[in-house]
Amino acid sequence: MTLAVCERLPPDAPAAFAETFADLPVPVRLGPLLLFAGRARVLAWGVVPQARLLAVHAGVWRVLGGSRGGNPLHAPGRWLPHVTLARNLDAATRARAVTVLDGLAEVTGAFSGARSYDGALRTTVPLAGQG
């Protein structure tokens, strides 16, 4: 689940994220399937936004502050939390996936860790918990 995107983490981010993620694990509830149109044609499992998850999300945005390169679709008030299941599926495969997955019962779990992904280097850095 992506909380934010930026070009570079601020130098004080690791310490600030320790406070932001101090309350992990955060309960989450997976809800309906989502289909996002556009270039990536994403099939995702929606995450029902609950108060604690929204508080963590807002905390991440406070830490990032004015970091450049952010995606406004991830901003508080616009963010649609989800878990991506697949990207760039052709129409037939997407239809089959929806048929198989549609109607699944809601699932509860926990957001128990966080990490940062560097798209240029293709590396991850743990930020908290079991990320």
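View 1. Pro25 is located in the loop that lies between α1 and β1; helices (H or I, at least four residues) and strands (E, at least two) are DSSP runs, numbered from the N terminus. The peptide bond from Leu24 to Pro25 is cis, its omega being near 0°. Most peptide bonds, by contrast, are trans. The structure is a predicted model, in which local features need pLDDT of at least 70 and side-chain atom pairs count only at pLDDT 80 or more, while totals for chains, interfaces and linings use all residues. Residues are numbered from 1 along each chain as its sequence is written, and side-chain values use heavy atoms, with hydrogens and water left out.

**View 2. Two arginines with positive phi.** Most residues other than glycine have a negative phi. Arg41, in the loop between β1 and β2, has a positive phi near 45°. Arg41 is partly exposed, with a relative accessible area of 33%; buried means under 20% relative accessible area, exposed over 50%, and partly exposed in between (1.4 Å probe, protein chains only). Arg122 also is not a glycine, and its phi is positive at about 55°. The loop between β5 (113-118) and β6 (123-129) holds Arg122, which is exposed at a relative accessible area of 67%.

**View 3. The largest nonpolar core.** This core has 19 residues, and those with the most contacts inside it are Leu3, Phe17, Phe21, Leu53 and Phe111. A nonpolar core is a set of buried Ala, Val, Leu, Ile, Met, Phe, Trp, Tyr and Cys residues joined through side-chain atoms within 4.5 Å. Two or more residues each are given to this core by α1 (13-20), β1 (26-36), β2 (42-48) and α2. The largest share, 5 residues, comes from α2. Leaving aside neighbours within four places in sequence, Phe21 is in contact (heavy atoms within 4.5 Å) with Leu3, Val56, Val60, Phe111, Ala114, Leu127 and Ala128.

**View 4. His57 in helix α2.** Helix α2 (residues 51-64) contains His57. This histidine is buried, with a relative accessible area of 2%. Residues up to four places away in sequence not being counted, His57 touches Leu3, His74, Ala75, Pro76 and Trp79.

**View 5. Leu85 in strand β3.** Leu85 belongs to strand β3 (residues 82-86). The side chain's residue, Leu85, counts as partly exposed at 40% relative accessibility.
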